[in-house]
Amino acid sequence: MALLLGLCGAAQAEPWPAPGELAVNDFAGLLPREAAARIRAELSDLRARTGIEAVLVTLPTRADYDPAPSLEAFATRLFNGWGIGDATRNDGILILILAEDREMRIELGAGYSPEYDIPAQDVIDRVMLPAFREGRMAEGIEAGVGAVITKIAERRAA
């Protein structure tokens, strides 16, 4: 009986990590402190100027969390679970990087039309991935965040 109760009480994986802060959550430890501070300042400035909330999350792997059938499903659950963006405008942005899984996604709120998927994929393909392939993770992340701000968030705010 005690064994059965012990098994029933085993902790289940969390569906997503708990947020550490509003803008930068570097759970994978990919960013030097200075880079994280610059990104934090950029994302805070974006929110102050436009009201758009963008969040950077790096994780070692999504396997540590409640399994999702796909990267898209995991990103969507994380985005919704954290409540990213203004709920009435649905204009939040999640920049998700899974280091060990070698996956990344830019998840946009439902307020973005499908035409924004093209610049989001372009930021990944042309800005972030080339730097990542050369082992320049922090540079790729910083450049990617900057590109998300100019190509997606500021365009949407205008």
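Residues are numbered from 1 along each chain as its sequence is written, and side-chain values use heavy atoms, with hydrogens and water left out. As the model is predicted, local features need pLDDT of at least 70 and side-chain atom pairs count only at pLDDT 80 or more, while totals for chains, interfaces and linings use all residues.

Leu71, Phe74, Ala75, Leu78, Phe79 and Trp82 are the buried residues of α3 (buried means under 20% relative accessible area, exposed over 50%, partly exposed in between, with a 1.4 Å probe and protein chains only). Seen down the helix axis, these buried residues fall within an arc of 130 degrees, so they line one face of α3 (the arc is that of the directions from the axis to the C-beta atoms). An α-helix has 3.6 residues a turn, so residues three or four places apart point the same way. The buried residues of α3 pack against β1 (24-26), β2 (54-59), β3 (93-98) and β4 (103-108), where contact means heavy atoms within 4.5 Å. After α3 comes Gly83, with a positive phi near 65 degrees.

Helix α5 (residues 137-157) has 21 residues and should span 30 Å; its end C-alpha atoms are 28 Å apart, which agrees. α5 also bends by about 35 degrees at Ile149 (the angle between axes fitted to the seven residues ending there and the seven starting there). Its buried residues, including Ile141 and Ile149, pack against α2 (33-50), β2, β3, β4 and α4 (117-133).

On to the cores (sets of buried Ala, Val, Leu, Ile, Met, Phe, Trp, Tyr and Cys residues joined through side-chain atoms within 4.5 Å). The largest has 33 residues, of which Leu31, Ile93, Ile106 and Ile141 touch the most other members. α5 gives the most to this core, with eight residues. Apart from it lies another core of 15 residues, among them Val57 and Leu96.

Two aromatic pairs turn up (ring centres of Phe, Tyr or Trp, the last by its six-membered ring, within 6.5 Å; planes under 30 degrees apart are stacked, over 60 edge-to-face, the rest tilted). Tyr65 and Phe74 have ring centres 6.2 Å apart and planes at 40 degrees, so this pair is tilted. Tyr112 and Tyr116 are edge-to-face, at 5.2 Å and 80 degrees.

Conventions: Helices (H or I, at least four residues) and strands (E, at least two) are DSSP runs, numbered from the N terminus. The expected span of a helix is 1.5 Å times one less than its number of residues.
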